[in-house]
Amino acid sequence: MAATAVLSALLSAVLTTAIAWTSLLDREDERLRGAAQTLGLEVPAAMDEATARGHADDEQAEVAVAGMRIALYRAGAFVGGDASLRPSAAEGCRTTGRGWRQCRVTLPTGAVEVTSDLAAARSQRSLLLGAALLAALLAGLAGLGLSGAVSARIARPLQRLREEVAAVDADAPGRALPGGGDGYAETDALRASLGEMLSRLDEALSQSRRFAANAAHELRTPLGTMQAELELSAEGVLPEEVRDSQGRVLRTLGGLNALVERLLILAAPVESLRGAREAVSLSDVVEEVRAALDPAARQRVRSAVDEGLHVRGDALLLRVMLENVVGNALKFAPSGAVTVRAEADGDAVTLEVTDEGPGVAPCDRQRVFDAFYRSAGARAEGVRGHGVGLALVARIARAHGGSAAFEDAPAGARLLLRLPRWAPAERDATMRAL
Ligand SMILES: Nc1ncnc2c1ncn2[C@@H]1O[C@H](COP(=O)(O)OP(=O)(O)OP(=O)(O)O)[C@@H](O)[C@H]1O
Ligand SMILES: [Mg+2]
């Protein structure tokens, strides 16, 4: 942009000077022709050569004062005036090799050659070029500054809109773009259209959530009833094969019940998951998750949790989140230690779960957080699951203002949960108030 401004400034300066130079030459030609006409008037065609020479010499003396030289030729022969002035080859005016302007005017009395030095005009031209360059450059720079300010002003509402669109919450897009208009018809119209589109998206999202929540709700009661009935009948005396098959059905029902509960959490809007805002101790969460494991699994889980780490949120959901991550580590790494580490990191706490299993390939690290996505390895090895756990983990982390991601690890999987830390000062103030 700056180069264009400078280039156009240079171009306009050169053009201005060229136009000025042409009109300067025109004026000089007019002056020279005027002098020739004057000599023509003083020397009629019939005047004898001696008298004509006298007039031409007198005229030369007069025009010399104005920086001109003049000479009269008849039939190609010099008659009078400045004898050093050579006759031109053709009618009209031209600039000679020595930088003089010379005109030949053919009159009844003969051909008048008249010339003047362009040195003064040339220095005027240089001055003019310098001034035009300076003026054009200044105008270019001013234009550049002005256009920068104008484009920044025009871009501001677009920039604001871009930031608002970037901040759209994927869970509740309808609440985006709340800000009023910027006073620019075009961006206001764009904002309104985007707002309408996001509202429609929000409605579609809510509908599918309602559908999933209703379906899960409808399944919850009959599944619970079936499980209770089966448990009751299992208490009676039954043949071994019936007992085995009942056990399998009961396990499947247990899994289905757990899936329905998880689907209900997934279908709930993030807002409703943000409900409880109690101070939750991370060491308590980790201990509760460990305690709920069967003894063999518990032996594999090691924990290193910094004392006094708290986050603000829902203890139950945070436990569900960690249960899923630890459950995955135990399930996908059939042997080896699973380590849970929690530490403060500025305003955040990081909860890291590592295992010694096959790990998650970089190409899968995003998609494993999609509901019902399972990696090809998990499917091929027949590891049980529905692909819902990590979607739940990501949702609960997000509801708490945090994030979940798989990071590089020397071996096995390394899942990093980042949550906003409930700072001790804030926590103590709340405790005092209670
Ligand atoms: N620790 C891990 N090591 C290797 N792969 C993992 C690990 N954790 C998750 N994955 C991969 O991510 C996928 C999604 O995990 P997610 O917990 O959502 O589903 P799942 O455990 O297969 O089923 P569900 O949790 O519903 O029982 C898994 O199928 C697996 O491919
Ligand atoms: Mg899982």
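**Around the ligand**

Author: By class, the shell around ligand 1 holds 10 nonpolar, nine polar and two charged residues. Here Ala, Val, Leu, Ile, Met, Phe, Trp, Tyr, Cys and Pro count as nonpolar, Asp, Glu, Lys and Arg as charged, and the others, Gly among them, as polar. This is a predicted model: local features need pLDDT of at least 70, side-chain atom pairs count only at pLDDT 80 or more, and totals for chains, interfaces and linings use all residues. Residues are numbered from 1 along each chain as its sequence is written, while chains are lettered from A and ligands numbered from 1 in the order in which they are written.

Reader: Which residues are the closest to ligand 1?

Author: Arg374, Ser375, Ala378, Gly385 and Gly389 are the closest of the 21 residues that surround ligand 1. A residue is near a molecule if its C-beta atom, placed from the backbone, lies within 6 Å of it. Helices are DSSP runs (H or I, at least four residues), numbered from the N terminus.

Reader: How should I read a pair of packed helices?

Author: Two packed helices are described by the angle between their axes and the distance between the axes. The axes of α4 (residues 185-234) and α5 (residues 240-267) come within 9 Å and cross at roughly 155 degrees. Therefore α4 is roughly antiparallel to α5 (angles over 145 degrees count as such). Their contact has 16 nonpolar, five polar and four charged residues.

Note on methods
Axes fitted to C-alpha atoms, helices over the stretch in contact; angles between N-to-C directions. Helix = DSSP H or I, 4+ residues; strand = E, 2+ residues; numbered from the N terminus. Parallel < 35°, antiparallel > 145°, perpendicular 65-115°, else oblique.
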